[in-house]
Amino acid sequence: MSARFGFQTGPESVPVTTIQHGRLKAVIWEFEDLDRIVSCNVTFSRTYDEDDREFRATDRFGADDLVALGELVDEAHQFIRNRQGGAA
C-alpha cells in the first residue's frame with residue numbers, strides 16, 4: 001500500500017487484464033483510493049529481441065509502432081469503459 005496515495009500496490013496487486021497485439025502490450029491495473037473510488041491505470045510496453053536472443057520489454061516506441069499503439073490505447077480505453085459501466 002502506498003502511504004502517499006493509499007493505492008494498493010506490491011505483490012498482491014495483479015492486472016485486471018492484458019491486451020496484446022503482436023509485440024505491443026497493454027496491462028490494465030485496477031486500484032481503490034483512500035475514498036474507496038475504483039480507478040484503472042494502464043501500462044504499455046513493446047517487446048524486442050536483444051542480440052543475445054533474449055526477449056526484453058521497453059516503454060519506448062518507434063514511429064512504426066504508433067498506429068498500432070493508438071489502436072491498443074483505444075482497446076484498453078474500451079475495456080475500462082465497459083468494466084466501469086460506460087463511465088470512462
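Which residue in strand 3 stands opposite Glu-30? Cys-40 stands there.

1. Basis. This is a predicted model, in which local features need pLDDT of at least 70 and side-chain atom pairs count only at pLDDT 80 or more, while totals for chains, interfaces and linings use all residues. Residues are numbered from 1 along each chain as its sequence is written, and side-chain values use heavy atoms, with hydrogens and water left out.

2. Four strands form an open sheet in the order 1-2-3-4, with antiparallel pairing. Strand 1 (17-21) and strand 4 (55-58) are at the edges with a single partner strand each, so one side of each has no neighbour in the sheet. From one strand to the next the twist averages 30°. Strands (E, at least two residues) and helices (H or I, at least four) are DSSP runs, numbered from the N terminus; two strands pair if DSSP finds at least two bridges between them.

3. Strands 1 and 2. These pair in the antiparallel sense over 5 bridges. Gln-20 has Lys-25 of strand 2 as its bridge partner. The hairpin has 2 residues between the strands, and Gly-22 takes a positive phi near 60° in it.

4. Strands 2 and 3. Strand 2 (residues 24-32) pairs with strand 3 (residues 38-49) in the antiparallel sense over 9 bridges. Lys-25 has Ser-45 as its bridge partner in strand 3. This hairpin has 5 residues between the strands, and Arg-36 takes a positive phi near 65°.

Notes
Axes are lines fitted to C-alpha atoms, for helices over the stretch in contact, and angles run from 0 to 180 degrees between N-to-C directions.
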